Amino acid sequence: MIDLTRPAEPRATVVLVGGHESGNGTDLSFLTGSLPNALISPAGRPLHNMLTQLRGRPGSGAGRAPVVVVPMTFGRNPTLVADAAKTLRWLSAGATSREAAAPPLALADPFGTGDHLTAWLRAAAATVHRRSPRAAVLITADAANPFDDAELYRIAHLVRTHGAGNPVETATVEDTGGLLAALRRLRLLGSTETVVVPAGFRRTAGVHGEAVPFGEDGFAGAGFYGPLLGEQAVLRVIGERVRDALHNLGHGRTGIEAGLTADHGHGYAHSHAFEESNGASHTHSHGAAGGHTHHPTPIGTS
């Protein structure tokens with residue numbers, strides 16, 4: 001187990017921020033017994049309220065352990081990172097004289113990247129193939145938004161192309177009906193056995209919190225792979241992110257400014273090609289912190 005309070009480990013209060021890849025943090029609850037001083041929160045107002053309470057607790061000010069916020073995304077939800085960074089910046093910039101002595105805030109790097117997720121899913125596909133060579137792999141996630149969902153389809157294509165040889169499909173679903181439809185498609189393609197692999201932190205079979213009766217009725221011939229990563233692997237990654245964040249904090253880097261631009265280029269609003277195809281040009285300005293600001297020229301202006 002990782003114990004960030006041991007003398008051999010850096011001390012910190014760890015806040016795990018969950019998004020759609022973890023049921024807004026619900027799927028991270030298995031960590032609380034193994035990660036001391038860890039709290040779990042969705043982004044936005046709940047995170048703001050939690051950090052405000054942490055910073056206002058009685059203590060010795062500068063001698064108190066820093067608060068490290070870890071965005072729990074596999075790289076598909078950059079907006080989670082940016083939103084967490086905005087909350088931390090707001091609290092840091094708006095600190096009162098009383099809060100000035102509060103423990104420092106740091107934003108860790110995200111739990112994983114798209115490359116990490118691709119590698120972990122490839123490993124899962126190889127495990128499925130080893131256990132049941134004829135089984136198909138269905139990579140699933142709760143439906144979120146078009147951009148995060150599209151990223152999963154891209155990753156699934158890489159898993160299929162560089163996989164172990166078994167059929168690999170993907171589905172981002174709203175409910176068990178969506179999962180059932182995906183399994184039907186695989187049966188029409190000739191798969192008689194399917195293993196459902198979660199592309200997130202879910203540890204039990206379910207869709208948006210709804211249990212899935214694998215092996216019964218329309219789910220006959222389908223089974224749940226289990227957690228994508230074991231508990232110790234998740235703890236190890238979190239520990240690495242926290243240690244790196246504390247190291248950077250010791251050098252005056254909070255990670256907040258970098259996190260603010262995490263979702264740059266993610267979505268239509270930042271698509272240069274979309275603007276130019278509609279007759280708009282754009283310019284960029286770079287602030288003192290290296291920020292990347294977008295200034296599209298209105299269509300029809302010179």
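The following legends describe close-up views of a predicted model.

View A. Four strands make up an open sheet with parallel pairing, arranged in the order 2-1-3-4. Strand 2 (38-42) and strand 4 are the edge strands, each of which pairs on one side only. On average, and with direction ignored, neighbouring strands of this sheet are turned by 25° against each other. Strand 3 and strand 4 run parallel and are joined by three bridges. Within this region, valine 67 is found opposite leucine 105 of strand 4.

**View B. Helices against the sheet.** Helix 1 (residues 45-56) packs on the sheet and touches strand 1, strand 2, strand 3 and strand 4. The direction of helix 1 makes about 145° with that of strand 2. Helix 6 lies across strand 1, strand 3 and strand 4, and runs at about 135° to strand 3.

**View C. Helix 6 and its surroundings.** Helix 6 comprises 20 residues, 231-250, and spans 29 Å from its first C-alpha to its last, close to the 28 Å expected at 1.5 Å a residue. Among its buried residues are Val234, Leu235, Val237, Ile238, Arg241, Val242, Leu246 and Leu249. The cover over the buried residues of helix 6 includes strand 1 (13-18), strand 3, strand 4 and helix 3. Just after helix 6, glycine 252 adopts a positive phi of about 85°.

**View D. An aromatic cluster.** Phe74, Phe111, Trp120 and Phe201 form one aromatic cluster. In total, seven aromatic pairs are counted. The ring centres of phenylalanine 74 and phenylalanine 111 lie 5.5 Å apart with the planes at 75°, so this pair is edge-to-face, given that an angle over 60 degrees falls in that class. The two residues are 37 apart in the chain: phenylalanine 74 belongs to the loop between strand 3 (67-72) and helix 2 (78-93), and phenylalanine 111 to the loop between strand 4 (105-107) and helix 3 (114-131). Phenylalanine 74 counts as buried at 1% relative accessibility, and phenylalanine 111 is buried with a relative accessible area of 0%. Phenylalanine 74 also forms an edge-to-face pair with tryptophan 120, at 5.6 Å centre to centre and 85° between the planes. Because phenylalanine 74 is in the loop between strand 3 and helix 2 while tryptophan 120 is in helix 3, this pair ties together parts 46 residues apart in sequence.

**View E. A charge over a ring.** Arginine 203 places its charged end over the ring of phenylalanine 30, at 4.0 Å from the ring centre.

Key. Residues numbered from 1 in each chain as written. Predicted model: local features only at pLDDT ≥ 70, side-chain atom pairs only at ≥ 80, totals over all residues. Heavy atoms only, no water. Phe/Tyr/Trp six-rings, centres within 6.5 Å; stacked < 30°, edge-to-face > 60°. Buried < 20%, exposed > 50% of the residue type's maximum accessible area, 1.4 Å probe, protein only. Lys NZ or Arg CZ within 6 Å of the ring centre and 35° of its normal. Expected span 1.5 Å × (residues − 1). Contact = heavy atoms within 4.5 Å. Pairing = 2+ DSSP bridges. Axes fitted to C-alpha atoms, helices over the stretch in contact; angles between N-to-C directions.
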